[in-house]
Amino acid sequence: MTEKVGVYICHCGSNIAGVVDVEEVAKWAGENLEGVAVSREYKFMCSSLGQELIEDDIKNEGLTRVVVAACSPHLHERTFRRACANAGLNPYLCHMASIREQVSWVVEDNEVATEKAKAMIAGAVNRVQLHEELEPSLVPVNPNTLVVGGGIAGIQASLELADAGYPVYLVEREPSIGGHMAQFDKTFPTLDCAACILTPKMSDVGAHPNINLLSYSEVEEVSGYVGNFSVRIKKKAKYVDEELCTGCGICIEKCPKKVIDDVFEAGMGYRKSIYRPFPQAVPNIPVIDTVSCTYFETGKCKACEIFCPTEAIDFEQQDSYLDIDVGNIILATGYDLFDCKTIPQYGYGRLANVFTSLEFERMCNASGPTEGKIVLRDGVTEPESVAIIHCVGSRDENYNRYCSAICCMSSLKFGHLVVEKTDAEVFSCYIDMRTNQKGYEEFYERLLEEGMNFVRGKVAEVTDAFRLPGEEGKLIVQVEDTLLGIQRRIPVDMVILMAALEPRADAREVGLQFGIACSMEGWFTERHPKLDPVATMTDGIFIAGAAQGPKDIPAVVAQGAAAAARVQGMITKGTVEIEPVVATITEEMCSGCRICNTLCPFNAIEYLEDKEVSYINTALCKGCGTCVAACPAQAISGAHYSNEQIFAEIEGLLYDVISGNGAKAPQVEQEPVPA
Amino acid sequence: MTKKGKLANYWAASCGGCEIAVLGINEKILDVANAFDIVLWPVAVDAKIHSIEKMEDKSIDLCLFNGAIRTSEQEYMARLLRAKSKVMVAFGSCAHEGCIPGLANVTNREEIFQTAYHDTPSTDNPEGIRPQTETEVDEGMLYLPVFYDTVKTLGQTIEVDYYLPGCPPEPERIWDSIFAKLEGKLPAPGSVIGAETTVCDDCPRTREEKKITEFKRTWEIIPDPETCLLEQGLVCCGIATRAGCGALCPTVGSPCIGCYGPNEGVEDFGARMMTALASVIDSEDPEEIDRIIHEGIPDPVGTFYRFSLAASQLRRSTLAADGDGEAAASA
Ligand SMILES: Cc1cc2nc3c(=O)[nH]c(=O)nc-3n(C[C@H](O)[C@H](O)[C@H](O)COP(=O)(O)OP(=O)(O)OC[C@H]3O[C@@H](n4cnc5c(N)ncnc54)[C@H](O)[C@@H]3O)c2cc1C
Ligand code: SF4
Ligand code: SF4
Ligand code: SF4
Ligand code: SF4
Ligand code: SF4
């Protein structure tokens with residue numbers, strides 16, 4: 001081999017150098033590895049000085065290959081590829097050995113770590129010499145954007161893009177946009193009325209010339225790649241003609257069928273069979289719920305049709321499909337609430353006056369089921385005492401280990417509402433009070449002043465089994481007050497459970513549909529937790545809001561805007577580079593067996609009937625290697641991951657075990673004896 | 001073709017089918033006889049080894065060597081013929097990949113001797129006699145070749161110029177290669193003489209996207225005559241096997257068992273088969289997948305490495321480190 005390889009070993013401060021003897025490794029690589037022309041170590045290779053080191057050596061020493069032994073390629077592969085490109089070397093002739101994540105952070109013994117680093121570098125040096133120059137291709141970016149989910153995150157993202165002049169398709173599963181925020185009365189810590197700040201934004205969305213709002217709709221199919229996605233959207237039949245309906249609501253008034261509204265009213269109130277979730281719904285077009293509708297059940301009724309002044313009711317309407325092309329996609333599908341019945345000792349579903357947080361939100365809402373009055377399940381009695389239990393389903397290894405981030409503040413908001421609207425005494429049973437955003441601690445102090453009682457301890461049980469005087473007819477909250485060091489039994493009339501925020505029940509399927517990953521719990525995974533919070537590992541797919549993890553409205557709005565800004569950047573640039581690390585099929589070697597046809601997670605593989613061979617659309621291929629491994633004829637090769645490159649790397653890793661080139665034949669067992 | 005060339009045919013660990021296959025070129029054998037003096041062909045021509053030993057190096061033009069290397073005698077002959085021949089062809093699957101003899105690499109010499117000389121019901125060996133490499137008799141010393149622990153391919157033993165795959169190679173391919181030699185049109189040394197695609201390419205059966213819910217043994221179904229056998233659940237190795245036979249087996253309804261070996265560039269035939277089949281099993285449930293595999297493929301080595309075990313990356317089951325022929329505990 002005639003390549004001149006430069007090897008650069010990063011100290012990463014003391015991250016690597018604290019464990020690996022970097023000087024020794026650099027010296028060893030320079031003296032022992034074939035092809036190495038320069039071998040250096042440096043404090044921070046990713047710094048501009050570190051990068052210049054590489055650039056200078058390429059120019060002055062004529063390096064033809066570069067190996068950087070540092071952190072994971074996830075972090076800095078781009079950095080070092082760029083440095084190579086700056087000095088005129090094809091960026092794909094650079095390779096990283098991860099001696100931080102895979103060595104210094106995981107190997108305790110310094111000597112072992114140093115040896116492992118050598119092996120990793122030997123593998124990289126071997127491999128990089130077989131690298132080929134690769135060129136990315138440029139594709140145009142479609143200026144349309146799809147936003148999935150019309151909660152406050154999706155609303156914000158849509159408006160930002162639409163106001164900047166770009167077309168947006170906003171797909172919302174429910175009959176109206178608004179998401180969870182539309183269900184609330186007030187929002188912490190400023191106590192703004194949720195509707196007052198949300199509904200103007202909702203109407204903006206409904207009226208915006210650049211926004212095509214597709215409510216009561218879901219994404220059926222996604223194909224394509226960054227800049228060029230094709231999406232099929234299913235518009236569920238509303239049984240109301242959107243063109244004719246004026247939103248007058250007469251049909252709703254006249255509909256004789258009332259059912260419990262489990263979604264918007266959280267089971268606390270009723271809606272009709274033809275309904276919109278709330279009066280300010282956007283769009284304001286009602287939908288018929290065919291499960292409860294008398295006509296769909298018995299074939300009789302049609303009251304809505306009879307009274308509708310514009311003949312908008314259409315019982316024959318079918319689901320319809322819309323095919324759109326977009327350049328980028330923002331997923332803002334939000335969260336679900338923890339099912340409080342999972343914790344039987346808190347009594348939800350069994351003890352009438354145990355409420356979930358969302359039920360209480362609806363109760364406080366002036367247009368909610370109790371018109372804003374705080375009352376017990378009987379609908380009339382005002383409570384004299386209320387206990388709020390924090391962390392229900394959060395911070396508990398039996399359910400969810402994470403903190404749901406918004407419950408402490410919501411509890412304070414609830415405490416305030418109880419104090420404001422009733423004479424009841426309020427107890428907050430908390431584990432830790434988490435008030436770490438702007439204005440939050442001040443709100444906590446305000447509630448201390450307003451007389452809310454704080455009991456620090458995890459509630460063991462809520463029961464109606466009375467024992468002591470004053471407990472009869474009450475709910476008794478059994479809790480250890482860890483500040484006083486005593487067990488307490490607090491008799492109250494009402495208990496509110498601050499349910500955890502959980503990933504949407506279908507988050508994993510949605511992730512799969514759009515080709516993005518979920519965390520262990522099911523939250524969408526961002527490209528980088530700190531530095532790239534709204535992008536994902538799939539180019540052109542962004543995430544925003546509570547779908548990425550529990551957060552409050554200010555954070556959700558910031559993410560919606562951030563995702564929109566990222567998309568705008570893509571649109572303004574106009575083109576996007578497609579990674580050249582892709583798979584290709586050698587036509588002559590393909591037997592047309594069709595093993596690969598169903599395997600590609602990105603639908604990049606087609607079967608060409610006329611030629612009887614398979615074909616990969618390289619613009620769709622992500623180079624994942626699935627088909628490369630599966631093709632029994634080895635007709636598919638993956639650029640940058642050829643057999644030769646992989647075997648060379650393995651041989652390098654085993655440099656101290658394999659002598660020479662790793663002779664293939666086993667040693668002759670005995671001297672041949674003449675016949 | 002003025003001056004006659006010299007041809008040697010030899011057999012090592014093989015079944016003899018390849019010898020017959022050479023005759024399968026029918027009347028063309030006369031052309032071969034016209035073009036070559038046959039200096040060695042144990043099955044057909046009376047020639048002595050010592051006369052080969054006396055020949056000058058590289059004086060044989062073409063050697064067709066079939067059979068794997070199981071004993072020291074076979075290794076000796078391979079080395080001898082290599083030295084004397086200009087062009088050495090590994091002829092047929094045994095020389096190419098080890099073939100059926102190579103399946104013995106799942107065991108070792110000790111176990112084979114134990115079975116052959118003691119355990120089989122038909123063995124009558126009350127004194128427990130085993131073959132010895134040296135035996136003294138009144139007339140002097142008798143020698144037997146050493147029986148190796150491991151079966152090797154020809155290519156693992158000596159440098160081979162060309163590989164002719166197949167069990168046995170089809171007559172057309174044999175003729176092609178001899179003819180190519182005569183015409184001086186041989187490909188680059190080290191190559192396998194054959195196609196660069198797999199049996200499916202020649203198979204007349206219709207194919208769809210593949211999704212397998214159940215593997216079937218050949219005796220379990222009478223396959224539909226039109227559609228791909230693999231899609232019917234039969235483990236057809238045609239997907240991974242180098243084309244060259246003309247898809248003989250699948251054409252007549254019998255799944256390809258892989259005798260032509262892996263396609264160009266493939267390191268390990270069995271691994272290719274396994275990753276391909278694993279990719280198209282139509283289930284997400286690990287237990288269900290386990291069941292489909294265990295019930296449908298009871299003998300994975302015999303199914304996926306029937307011809308290629310000796311040449312594969314597995315090569316053999318582990319031997320104890322001291323090399324005394326005992327299988328290691330983990331084997
Ligand atoms: C009881 C309670 C009180 C709270 N009070 C406050 C407060 O006072 N102040 C504050 O800052 N925060 C508060 N929060 C937090 C707040 O609810 C969230 O930060 C915010 O609503 C998250 O907005 P989002 O748009 O990300 O998600 P969501 O509001 O959940 O919206 C997601 C939208 O996407 C739609 N959708 C989901 N999946 C799909 C799909 N596959 N296809 C199409 N559409 C889909 C849904 O129908 C929904 O409309 C509270 C939370 C709770 C539980
Ligand atoms: S037809 Fe159905 S939706 Fe219409 S009024 Fe009757 S019950 Fe209500
Ligand atoms: S698996 Fe390989 S041989 Fe089979 S169709 Fe796909 S590319 Fe062709
Ligand atoms: S490597 Fe193959 S399976 Fe993976 S994305 Fe590319 S074409 Fe699809
Ligand atoms: S039957 Fe076998 S050889 Fe024929 S197409 Fe199917 S897998 Fe290929
Ligand atoms: S189909 Fe397969 S097993 Fe049959 S002859 Fe051809 S290669 Fe050999």
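In chain A of this predicted model, residues 24 or more positions apart account for 68% of the contacts with a separation of 6 or more. Of the 675 residues of this chain, 53% count as buried, and its secondary structure comes to 17 helices and 34 strands. The accessible surface of chain A is about 30400 Å², and carbon and sulfur atoms hold 50% of that area.

**Confidence**

| Chain | Average pLDDT | Residues scoring at least 70 |
|---|---|---|
| Chain A | 94 | 97% |
| Chain B | 92 | 96% |

For the complex, the predictor gives an ipTM of 0.90 and a pTM of 0.70.

**Nonpolar cores**

The largest nonpolar core has 101 residues, and those with the most contacts inside it are Ile330(A), Phe360(A), Leu412(A), Met494(A), Ile616(A) and Ile636(A). Apart from this core lies another, of 46 residues, which includes Ala26(A), Ala29(A), Met96(A) and Val125(A). Returning to Met494(A), and leaving aside residues up to four places away in sequence, one finds that this residue touches several others, among them Asn353(A), Phe355(A), Phe360(A), Met363(A), Pro383(A), Ser385(A) and Leu475(A).

**A closer look at Cys408(A)**

Cys408(A) is found in helix H12 of chain A, which covers residues 407–421. Is Cys408(A) buried or exposed? Its relative accessible area is 7%, and because a residue under 20% counts as buried, Cys408(A) belongs to the buried residues. Not counting residues up to four places away in sequence, Cys408(A) touches His390(A), Asp432(A), Met433(A) and Arg434(A). Asp432(A) lies 24 residues from Cys408(A) in sequence, while in space the two are 8.5 Å apart, C-alpha to C-alpha.

**Surroundings of two ligands**

Around ligand 3 there are 13 residues, of which Cys590(A), Cys593(A), Arg594(A), Cys596(A) and Cys631(A) come nearest. The shell around this ligand divides into nine nonpolar residues, three polar and one charged.

Conventions:
Residues numbered from 1 in each chain as written. Chains lettered and ligands numbered in written order. Predicted model: local features only at pLDDT ≥ 70, side-chain atom pairs only at ≥ 80, totals over all residues. Heavy atoms only, no water. pLDDT = per-residue confidence, 0-100. Near = heavy atom within 4 Å. Nonpolar A, V, L, I, M, F, W, Y, C, P; charged D, E, K, R; others polar. Core = buried A, V, L, I, M, F, W, Y, C linked by side-chain atoms within 4.5 Å. Buried < 20%, exposed > 50% of the residue type's maximum accessible area, 1.4 Å probe, protein only. Contact = heavy atoms within 4.5 Å. Helix = DSSP H or I, 4+ residues; strand = E, 2+ residues; numbered from the N terminus. Areas by Shrake-Rupley, 256 points an atom, 1.4 Å probe, with all protein chains shown as cover.
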